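Hello,

Here is the structure I promised to pass on to you. Please have a look at it first, and then read on for what turned up in it.

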Amino acid sequence: MSALRFSHFAALMLALAAVPWASAQECPEVNPEAVKWLDKMSRSLQHVSYHGVVTFQRGGEDMQVVQVSHSVDGGTSTDRLTQLTGQGAEVVRKDHPLDCIHPGHNLLRLGQNQCGVAANYRLSVSEGDLVAGRHSVRIAVAPRDMYRYGYVMELDRDTGLLLKTATIGRGNKVLEKFQFANLSYGDDSPEGLDTAISHSAHHPVPAASSTNAAAKSPGWRVRWLPPGFAATDAVSSASPRKTYTDGLAVFSVFLEKLDREIRPGEGVARKGSSTSYTRGVKLAGEPVLLTVVGEVPVNTARMVADSVVWER
């Protein structure tokens with residue numbers, strides 16, 4: 001399972017009771033019950049300690065198995081994701097402040113003047129299956145446009161924790177899916193495992209407002225994003241990587257300066273819901289390699305790459 005997918009899984013959450021609902025006039029066709037569940041899911045993923053084993057599968061590939069641990073201690077949380085198959089890699093994120101709400105989380109929460117993810121997805125609620133021994137509620141998430149995929153999520157009926165999800169592409173094709181095979185709540189972490197590769201995940205800097213001086217510095221910019229996508233962190237305009245999310249999907253744009261021109265053309269690779277789109281172009285007369293990687297259709301990645309410009 002990619003770190004991106006780990007992040008996606010370990011990132012959806014929040015609390016609705018204190019958050020005013022947007023009016024029906026502001027957000028037509030919104031299912032308030034579904035939004036409440038997404039809000040509860042967002043909070044649960046962050047504030048509840050849980051441990052378990054997750055299975056993950058893309059298309060016809062072999063199933064991967066991952067041990068997941070999320071521990072809350074005081075005002076911080078620690079996540080540990082360990083592959084039990086394949087290379088046995090491990091990703092660890094320590095001391096993440098519970099009061100740090102990233103842009104993707106905010107998009108799962110309704111404010112007074114916003115529709116959250118419901119502006120870009122149609123939501124519906126139904127009875128879910130039994131997952132890892134837990135009763136669930138099913139949230140169907142269908143895109144309102146062609147720029148993103150749909151999802152079918154099953155949440156723990158008691159805690160709101162995401163127990164199972166499938167990413168749905170064109171023609172209702174299941175692109176990838178994961179679910180808990182077993183799950184326990186509490187602070188007792190499982191025994192440590194032998195791992196060949198270990199990565200430390202760093203705490204990103206939340207995106208600043210558009211008036212931030214860094215955002216106005218010379219560099220490259222993405223002039224078009226699918227509706228509802230926002231930057232996940234406040235990187236400078238000259239940064240080689242910019243990442244965006246609509247609350248459910250995530251993609252990054254990478255720019256690499258080249259010392260020589262490359263043959264015109266584009267390259268596309270797809271695995272499950274993940275797309276990698278690459279193209280050599282000239283920006284301000286200089287050859288660069290543009291790459292869009294994330295959980296979006298190929299045409300969306302191509303349109304994002306088309307919009308990249310250099311600004312001084």
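**Pairs, bridges and strands**

At 42% relative accessibility, glutamate 266 counts as partly exposed. Its salt-bridge partner is arginine 302, and the closest N and O atoms of the two are 2.9 Å apart. Arginine 302 is partly exposed too, at 24% relative accessibility. The two link distant parts of the chain: glutamate 266 belongs to strand E15 (residues 266-271) and arginine 302 to helix H4 (residues 298-306), 36 residues apart. Please keep in mind that this is a predicted model.

Now for the whole chain. Four helices and 18 strands make up its secondary structure. Of its 312 residues, 45% count as buried. The accessible surface comes to about 15,100 Å², and carbon and sulfur atoms hold 51% of that. Among contacts with a separation of 6 or more, 57% are between residues 24 or more positions apart.

Back to the charged side chains, where the count comes to 14 salt bridges. One of them joins arginine 58 to glutamate 176, with 3.3 Å between the closest N and O atoms. Since arginine 58 lies in strand E1 and glutamate 176 in strand E9, this pair ties together parts that are 118 residues apart in sequence. Arginine 58 counts as buried at 13% relative accessibility, and glutamate 176 is buried at 3%. There is also a network, in which salt bridges with shared partners join Asp129, Arg138 and Glu154.

Aspartate 246 counts as buried at 2% relative accessibility, and arginine 148 does at 4%. The charged end of arginine 148 also sits over the ring of tyrosine 121, 5.6 Å from the ring centre.

With tyrosine 151 it forms a tilted pair, 6.3 Å centre to centre and with 55° between the planes. Tyrosine 121 is in strand E5 (residues 121-131) and tyrosine 151 in strand E7 (residues 150-156), so the pair ties together parts 30 residues apart in sequence. Tyrosine 121 is buried, with a relative accessible area of 0%, and tyrosine 151 is buried with 2%.

In total, the structure holds five aromatic pairs. Another of these is tyrosine 50 with phenylalanine 180: the ring centres are 6.3 Å apart and the planes stand at 85°, so this pair is edge-to-face. Both tyrosine 50 and phenylalanine 180 are buried. Elsewhere, Phe229, Tyr244 and Phe251 form one aromatic cluster, and the charged end of lysine 242 sits over the ring of tryptophan 220, 4.4 Å from its centre.

Last, a few strands. E17 (residues 286-294) runs antiparallel to E14 (residues 250-257), and seven bridges join them. Here leucine 289 of E17 is the bridge partner of glutamate 256. Nine bridges join E17 to E16 (residues 274-283), again antiparallel, with leucine 283 opposite glutamate 286 of E17. The hairpin of E16 and E17 has two residues between the strands, and alanine 284 there takes a positive phi near 55°.

Best wishes

Conventions. Residues numbered from 1 in each chain as written. Predicted model: local features only at pLDDT ≥ 70, side-chain atom pairs only at ≥ 80, totals over all residues. Heavy atoms only, no water. Phe/Tyr/Trp six-rings, centres within 6.5 Å; stacked < 30°, edge-to-face > 60°. Buried < 20%, exposed > 50% of the residue type's maximum accessible area, 1.4 Å probe, protein only. Lys NZ or Arg CZ within 6 Å of the ring centre and 35° of its normal. Contact = heavy atoms within 4.5 Å. Areas by Shrake-Rupley, 256 points an atom, 1.4 Å probe, with all protein chains shown as cover. Pairing = 2+ DSSP bridges. Salt bridge = Lys/Arg side-chain N within 4 Å of Asp/Glu carboxyl O.
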